[in-house]
Amino acid sequence: MRKIFVIGIGAGNPDYITVQAIKALNSVDVFFVMDKGPEKDDLTRLRKEICARHIKDRSYRIVETPDPPRERNAPSYESSVRAWHDQRGAIYEGLIEQQLADGECGAFLVWGDPSLYDSTLRIIDRITLRGNVTFEYEVIPGVSSVQALAARHKITLNRIGKSVHITTGRKLSEGLPDAIDDAVVMLDGDCSFKAIDDSGIEIYWGAYLGTEDEILVSGNLRERKADIERIRQDAKAKKGWIMDTYLLRRNAGQ
Ligand SMILES: C[S@@+](CC[C@H](N)C(=O)[O-])C[C@H]1O[C@@H](n2cnc3c(N)ncnc32)[C@H](O)[C@@H]1O
């Protein structure tokens, strides 16, 4: 039987890797690496560094495959993502079938935690449902960018007995519902917080969390949003890519 590990490697700091992840890394024969976008080279390098640093007395192979581009002109966002997952599913299936011998162990190293805005588990589910290739798999949790954000700002995400909402920039651009007091926003390439004009909201923003380029800004949203937008733009221009996450907190004093 082949085995696949889906390993959360943390969202930026190489020290975010867990002991469980290190144990899993040390049983892997083949690492499958697929990244996309301008951050691809940096993230691929970090994965290789993690392998080199933590894998002891064991040889392993790294198989790099270009990620298929997502169709940007599809009729809807959901349909373009589904089609993209199908393409990736076919690629992953081929990789497992062709690159992994019976009895060998393969791994996908997932940025942050595999449960949060990552398609690897959804794709693995599809492959197992199709049944063309059989394998067992195990998921190793990682430190997500949301946890990194909270730790670096020294905040709890929820207030006593309250909920926390996790969403995307795309959803936030439709507005922050009145019923939501605490929202973590990810995947926001457009600074969707700009459109929110409520004097009672605080923002806790973090870019490149856990890395040497980390930037943290917090304060009243109305007062800080122009600064954050400018800082974000400058950082992206300098490095070529940016990953940022933030918490919006209504009525922070209560
Ligand atoms: C495709 S999602 C992957 C999330 C990842 N699975 C996790 O657990 O954090 C990418 C988004 O995660 C957030 N993100 C990931 N790493 C980050 C970091 N080091 N600093 C700030 N935000 C980060 C950003 O919102 C980015 O747009």
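**Sheet architecture and aromatic contacts**

Strand β2 (residues 30-33) is joined to strand β4 (residues 105-110) by 3 bridges, the two strands running parallel; strands here are DSSP runs of E of at least two residues and helices are runs of H or I of at least four, both numbered from the N terminus, and two strands are taken to pair if DSSP finds at least two bridges between them. The model is a predicted one, in which local features need pLDDT of at least 70 and side-chain atom pairs count only at pLDDT 80 or more, whereas totals for chains, interfaces and linings use all residues. Residues are numbered from 1 along each chain as its sequence is written, and side-chain values use heavy atoms, with hydrogens and water left out.

A search of the whole structure finds 6 aromatic pairs, defined by ring centres of Phe, Tyr and Trp (its six-membered ring) within 6.5 Å, with planes under 30 degrees apart counted as stacked, over 60 as edge-to-face and the rest as tilted. Among them, Y92 and F108 form a stacked pair, at 4.5 Å centre to centre and with 15° between the planes. This pair links distant parts of the chain, since Y92 lies in helix α3 and F108 in strand β4, 16 residues apart. Y92 is buried, with a relative accessible area of 3%, and F108 is likewise buried at 3% (buried means under 20% relative accessible area, exposed over 50% and partly exposed in between, with a 1.4 Å probe and protein chains only). Ring pairs link F32, Y92 and F108 into a cluster.

A further pair, F135 and Y137, is tilted, at 6.3 Å centre to centre and 55° between the planes; F135 counts as buried at 7% relative accessibility, whereas Y137 is partly exposed at 33%.
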